Amino acid sequence: MKRLLCLIIVLGVQNSISYGQTAENEDAVSNQISIGVRDSVFSETLGEDREIWVHVPRSSIYGFKYPVIYLLDGEFNFESVVGIVRSNAISRLIPEMIIVAIPNTNRFRDLTTSHTGDDSNPSGGAENFTKFIEDELIPHIDTNYPTTPHRTLIGHSLGGLVVANTFINHSHLFENYLAIDPSLGWDNQKLLNQGRNLLKDTDYGKKSLYIAIANTINNGDETEMTFETALKDTTSNTLHLRSIYEFSELAKSNDQITSDWNYYPNETHGTVPIVAEHHALRFFFSWFKFDHWNELYAPEPKLTGEELVELFVSHYDKISTELKHTFLPNEYEINDLAYMFLGKGDYERAFPFFELNIKNYPNSPNSYDSMGDYYIGISDTTNAIKYLSKSLKLGGVNGTKQKLEELKKGK
């Protein structure tokens, strides 16, 4: 893998990317914020170097692994998708994810599914482009970044056409597919015509598909035509919208596809990606949200500590199944809950949370230090010394050594 070069995103300037650094701009670069790295892959399939932009969550320093989003038209959508994922992940509505943006070299070649026009026209290379993603890009990402097998593909316009083609013909590649206002009218609806029977009858194994439809009625001109009347229209002005709608309904008719679609009457073809990406990610990861915070923070909890911990364990077992990778509750979130009960003097509910962290993070000095605090709280000096000593052996945390010395002195 080539040496990774920092991809610098200038705050407040969309698509402002620094490709290098000189002595003159060194100070300016030091004041900028990085949201990813620039990497590259040589593609034997396409016969060219392909640059990719990769966002890896900051928490990767703790050894975590992540689902991956593959983003077409990467140079246009990278910053917004990173922001959407990070804001939803902070709110614990979706997992943190690696984002792999694929900038274009020849967009018309790679993002069209069939050849049109004369032989000088490079269109129709989507199958080759998909082969590049499957055979070269995905293996490169899985080798060099902390990934799990769970993958999502996002594309807009012609990129959405590629998403639809990949879903119809190569559904094994991704778990989730987001087609944003896809160009399904391309080449007289050739892909849609091919996909009609496949979409109705194929067992897609509960793959998830979300389709966004923008308001493109009459190409944005003033019109009284509604969405419903546009669907009955037969002119070229509404072919794009009608094609997407038919694709969406075909997917809905197959109970082996977890699908949804939405028409965005207030969004144009160019503005729809941001809202669609937000809605789609929440749809794809609807099972990620933990729904039992009220039981945890109730003034007088009705559940025992063991029962509260089991809510977490069963929820994260479900997440692990969906992500095809062991996904553990955040150590510091569990730690905070344990200390919340400890601070209330509710030792019976605090203990199972401290215990859960030791089970999940057996090499964490913090988990043993925290259990030492629990035993200090119940005046069990012997066990407090035992757990603080274990923490110190693993490197300790701030205050571990002092607490241990004071206990040994009998303070």
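**Salt bridges**

Modeller: Arg196 counts as partly exposed because its relative accessibility is 25% (buried means under 20% relative accessible area, exposed over 50%, partly exposed in between, with a 1.4 Å probe and protein chains only). The model is predicted, so local features need pLDDT of at least 70 and side-chain atom pairs pLDDT 80 or more, while totals for chains, interfaces and linings use all residues. Residues are numbered from 1 along each chain as its sequence is written, and side-chain values use heavy atoms, without hydrogens and water.

Side chains of opposite charge can pair when their charged atoms come close. Arg196 makes a salt bridge with Glu246, with the closest N and O atoms 2.5 Å apart (a side-chain nitrogen of Lys or Arg within 4 Å of a carboxyl oxygen of Asp or Glu). Arg196 belongs to helix 6 and Glu246 to helix 8, so this pair ties together parts that are 50 residues apart in sequence (helices are DSSP runs of H or I, at least four residues, numbered from the N terminus). Glu246 is partly exposed, at 26%.

Lys403 and Asp369 also meet in a salt bridge, at 3.1 Å from N to O. Lys403 lies in helix 16 and Asp369 in helix 14, 34 residues apart, and the pair links distant parts of the chain. Lys403 is partly exposed at 21%, whereas Asp369 is buried at 4%.

Lys131 and Asp135 form a salt bridge at 2.7 Å between the closest N and O atoms. Both lie in helix 4, 4 residues apart, about one turn of the helix.

Glu48, Arg50, Arg109 and Asp110 are linked in a network of salt bridges. The count comes to 16 salt bridges.

Conventions
Helices (H or I, at least four residues) and strands (E, at least two) are DSSP runs, numbered from the N terminus.
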